[in-house]
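Here's a quick briefing for anyone meeting this structure for the first time. Have a look at the sequence and the model, then read on.

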Amino acid sequence: MAELLRVNPTRMELKRLQARHKTAVRGHKLLKDKADEMVRQFLLIIKRCRDLRIEVERELTAALRQFKLASAISPTQSIETALAMPAAKATLAVSLGNIMSVKVPILQLNVADSTDLIPYSFLGITADLDASIVTISKLLEKMVSLAQLEKTCSMLADEIEKTRRRVNALEHVLIPQMLKTIKYIKMKLGEDERSVIVRLMKVKSMIQKRDEQLAAKKAEAQKGNK
């Protein structure tokens, strides 16, 4: 049950509270529309994220399987030596995007052109390691995109939760409190007006009674003079 706000039951406070109620109702509608749109955007992004994660996990599993096969055949020292020299240089540029006033990250992967993706000698290294490196190199951009989508989903989920809390607070707490307080102030002002009317009627009755008594005394005095 909504409680009354602590305000003075005056006409000025009533007008101020009615203006606040109008603003709260409009804000509630805007926040609810924002929450609905964010949920729609979230569902679209989460679907893309799920599909991309399945694809990345499938390709990453294949690359790791190939690497395991290469590790089982080739000596560990040979594999470590082959992978010690980087084949390409990658940089990551981070900027911010905007989804329904939510600042989300935008990751841009830049990979320098490399003439030779596999810089090591093929001697003593199996084709499984070559295939694993090629698969992971192609998978890097997808992994960056997946990280961007997952972070965006996380930020949107947090903002949706915050917005829903604000909507619920307005809908179930603040707006009912305002309506109940407005009703109470109107009732209080009505009681005050009725009290004033009753007092005025009593004063009028007393004045009329006094005037009648004065008129009667004046009439008696005139009769006595005659």
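**Salt bridges and the residues in them**

Asp51 counts as partly exposed, at 34% relative accessibility; "buried" is the word for under 20% relative accessible area, "exposed" for over 50%, and "partly exposed" for what falls in between (1.4 Å probe, protein chains only). Keep in mind that this is a predicted model, where local features need pLDDT of at least 70 and side-chain atom pairs count only at pLDDT 80 or more, while totals for chains, interfaces and linings use all residues. Residues are numbered from 1 along each chain as its sequence is written, and side-chain values use heavy atoms, with hydrogens and water left out.

- Asp51 has a salt-bridge partner in Lys47, with 3.4 Å between the closest N and O atoms. A salt bridge here is a side-chain nitrogen of Lys or Arg within 4 Å of a carboxyl oxygen of Asp or Glu.
- Both Lys47 and Asp51 sit in helix α1 (residues 11-73), four residues apart, which is about one turn of the helix.
- Lys47 is partly exposed too, with a relative accessible area of 46%.
- Another salt bridge links the side chains of Arg53 and Glu150, at 2.4 Å from N to O. Arg53 belongs to helix α1 and Glu150 to helix α3, so this pair ties together parts that are 97 residues apart in sequence.
- Asp211 is partly exposed at 40% relative accessibility, as is Arg210 with a relative accessible area of 48%.

**The overall layout**

- The protein chain has three helices and two strands, and from the N terminus on they come in the order α-α-β-β-α. Helices (H or I, at least four residues) and strands (E, at least two) are DSSP runs, numbered from the N terminus.
- Of the 226 residues in the protein chain, 24% are buried.
- Among the contacts in the protein chain with a separation of 6 or more, 76% are between residues 24 or more positions apart. A contact means heavy atoms within 4.5 Å.
- The protein chain exposes about 16,400 Å², and carbon and sulfur atoms supply 59% of that. Such accessible areas come from the Shrake-Rupley method with a 1.4 Å probe; for residues, only the protein chains shown count as cover.

**The strand pair**

- Strand β1 (residues 90-99) and β2 run antiparallel and are joined by ten bridges. Two strands pair if DSSP finds at least two bridges between them.
- Pick Ala93, and its bridge partner in β2 is Gln108.
- β1 and β2 make a hairpin with two residues between them, and Met100 in the turn has a positive phi of about 55 degrees.

**The nonpolar cores**

- The largest nonpolar core has 14 residues, and Ile45 and Leu156 have the most contacts inside it. A nonpolar core is a set of buried Ala, Val, Leu, Ile, Met, Phe, Trp, Tyr and Cys residues joined through side-chain atoms within 4.5 Å.
- α1, β2 (102-111) and α3 each give this core at least two residues. The largest share, six residues, comes from α3.
- Leaving out residues up to four places away in sequence, Leu156 touches Met38, Phe42, Ile45, Ile99 and Val102.
- Apart from this core lies another one, of ten residues, including Leu14, Leu17, Met178 and Ile185.

- Is Thr181 buried or exposed? Thr181 is buried, with a relative accessible area of 1%.
- Thr181 is part of helix α3 (residues 127-225). Not counting residues up to four places away in sequence, Thr181 touches Leu4, Leu5, Val7 and Leu17.
- Leu4 lies in the segment before α1 and is partly exposed, at 39% relative accessibility.
- Leu4, Tyr184 and Met187 make a nonpolar surface patch of about 260 Å². Patches are made of residues with over 30% relative accessible area and no salt bridge, with like charges joined within 9 Å and nonpolar side chains (Val, Leu, Ile, Met, Phe, Trp, Tyr) within 5 Å.
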